[in-house]
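Biologist: I'd like to go through the wording in your description, term by term. Can you show me the model and back up each label?

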Amino acid sequence: MSLFGTIQQSAGALQAAQIGLQVVGNNIANANTPGFIREQLEQTPAVAYREGDLIKGHGVRPTGITQVIDKALVERMYSAKSALAGAQELAKAYSQLEELTDDLDGNGLDGQLTSFNNSLHELSTQPGDASLREFVVLQGQSLAQQLQNARNSVIDRQVSWNNDLKDISTQINRLTQRIAKLNVDIATIEGGGVSQSDATGLRDQRYLDLEELASYVNINVREQENGNVSVFVGGDYLINNALSRDVYSVYSEKSGGYEVRIQETDSPLQAKTGKLGATLEARNSVFGDYLASLDTTAETLIRSVNEIHSQGQGRVGFETIVSTAGSSARVPLKDAQLPFEPKNGTFDMSVVDLDGKVISDHRITVRNLDQVGDSTVESIVAQIDAIEGISATLSSRGEVSITSDSSTSQFTFGEDTSGFLAAIGLNTFFAGTGAQDIRVNDALLGNSDLLAISRGGIGADTDVLNQMVDLVDRPLDVLGGQSVRGTYESTVSALAQKINLNKSSSEGLNNFYSTLQSQHLAISGVNIDEESIRMITYQRAFQASSRVISTANEMLDILMNL
């Protein structure tokens, strides 16, 4: 190699040192830039050449400026980000539900159950006290209102979370469209993979957008040789090179709320974690399960109280009564669309005078054996209508109306082994089918003397009242041996366990994500001390190459002066 070759070789080294200093300077300048990934200069020895029997090196050749990043670690960060964001969203949902179930002031559902039961206790000590009867009715009304209010509050929260799906769809589309555009820009600058340098800055932004997208939905990212990335959710892709699939939210009859679907295929986006997965879980499970529990509590309360109350008598008989439930009156009872199915059995009715003395007793047959000839609501009404002194009719909605034929007589209900009276809503304390419509029977609100106390006749005993006392705490077969209060308390207890579990899970995921972030920063973050060392290294290399050029120049001067 001639002296001119030496100078050219050192000039290449000077250029490499200059580029290295520029990379170091860029790193230091962006040391505090969020999402910046440290760059490094890639160098390789230039191709050697033969001179006689010698193979000589030809200096250094810069090959590219690349980002220092562990892509496998970044993939784990995306997954951890999705799980953490989902856990944090669920924590918000559990916190909201915890506020709704708070009963520290005694005005919650558990407190109302206690107040209703206490009013029955007080009435049992003085069954003839009109004010205490009124108090029982009012406490029943407060309990029913509390159940309705609790359900409405939960539904309001559920609707709010449901509406969040619209915003999540918008944010997912914003990010996928931007990532697809960045794919084009990166591939253009990098020459579709021909260049050995990374489109730093653009890639930094794409990593930030992918991480934000991971907070909304669990993603699987695959980078192609041309620098583009494909993003998958479940088995569907959202981004492929320059193409992005938009998503939209639409109401689903199956789930009873919005769901996020891919516009192109009209298929649901299979989100398991992230804000989208957590929002669906909050709506369907966190609030949905609590709603189901409230409805179960209300349904059981209505049925258990009504089955006892419907077999009793108050201080007066009925002159007229209309059932609180409608029915399909002309089909067998199992298909009559009653709140619950009556059993095979009977119920008693009595015609009484205005003093409560029995004029006549009657037994109505309820046949429900899943056979030809089973009773219908219409056939039962016909039996009642056949009683002398009573008229019974059916409305167009299948409601039963019973009226005394004489102004000097009334009627009462007695023992019911079939449960028909409670199912159709005759002589019941509560009306409605669940927490959405539970209320005290309008007949009781108008006349508390109709509150059933006796079993053996008007003013004969307090057997029915005694059965209703502590009913909310009594184990019931329909609840698998649990009480009405016990069912609700089990729900609240399970909620507390879920809250603690979610809290522990969130803390663990946060620690895991923080660990991954620390590992990522250790690899990709800018360390000023390390960059200073690199800066000195390039400086020394530049100085050494300059000295080589200076020395070669002096040697050329000597040759020229010979």
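Predicted model: local features only at pLDDT ≥ 70, side-chain atom pairs only at ≥ 80, totals over all residues.

Biologist: Which residues make the contact between helix 3 and helix 4?

Modeller: On helix 3, they include Leu109, Leu113, Phe116, Leu120 and Leu123. On helix 4, you'll find Leu132, Phe135, Val136, Leu143 and Leu147 among them. By class, the contact has 10 nonpolar, 7 polar and 2 charged residues.

Biologist: Then why are helix 2 and helix 6 called roughly parallel?

Modeller: Again, look at the angle. Helix 2 (residues 71-100) and helix 6 (residues 274-309) pack at about 30 degrees, with axes 8 Å apart. Roughly parallel means under 35 degrees, so helix 2 and helix 6 get that label. Their crossing is right-handed. Helix 2 contributes residues including Ala85, Gly86, Leu90 and Tyr94, while Gly274, Ala278, Ala282 and Phe287 are among those from helix 6. Counted by class, there are 10 nonpolar, 4 polar and 3 charged residues in this contact.

Biologist: Staying with helix 6, how do you know that Thr279 is buried?

Modeller: Thr279, which sits in helix 6, has a relative accessible area of 1%. Buried means under 20%, so Thr279 is buried. Its side chain reaches the backbone oxygen of Lys275 at 2.6 Å. Leaving aside neighbours within four places in sequence, Thr279 touches Trp161, Asp164, Leu165 and Ile168.

Biologist: What makes the pairing of the Gln67 and Asp204 side chains a polar contact?

Modeller: The distance is part of it: the cut-off is 3.5 Å between N or O atoms, with one able to donate a hydrogen and the other to accept it. The side chains of Gln67 and Asp204 come to 2.6 Å and are listed as a polar contact. Gln67 is in strand 4 (residues 60-67). With 8% relative accessible area against a limit of 20%, Gln67 is therefore buried. Beyond its neighbours within four places in sequence, its contacts include Ile37, Arg38, Thr200 and Tyr207.

Biologist: What makes the phi of Gln337 worth a remark?

Modeller: Most residues other than glycine have a negative phi. Gln337 has a positive one, near 60 degrees. It belongs to the loop between strand 12 (320-322) and strand 13 (345-353). At 65% relative accessibility, over the 50% cut-off, Gln337 is therefore exposed.

Biologist: And what about the phi of Asp470?

Modeller: Asp470 isn't a glycine either, and its phi is positive at about 65 degrees. You'll find Asp470 in the loop between helix 10 (463-468) and helix 11 (484-524). Its relative accessibility is 32%, so Asp470 counts as partly exposed.

How values were computed: Residues numbered from 1 in each chain as written. Heavy atoms only, no water. Axes fitted to C-alpha atoms, helices over the stretch in contact; angles between N-to-C directions. Helix = DSSP H or I, 4+ residues; strand = E, 2+ residues; numbered from the N terminus. Parallel < 35°, antiparallel > 145°, perpendicular 65-115°, else oblique. Left-handed = near helix turned anticlockwise from the far one by under 90°. Contact = heavy atoms within 4.5 Å. Nonpolar A, V, L, I, M, F, W, Y, C, P; charged D, E, K, R; others polar. Buried < 20%, exposed > 50% of the residue type's maximum accessible area, 1.4 Å probe, protein only.
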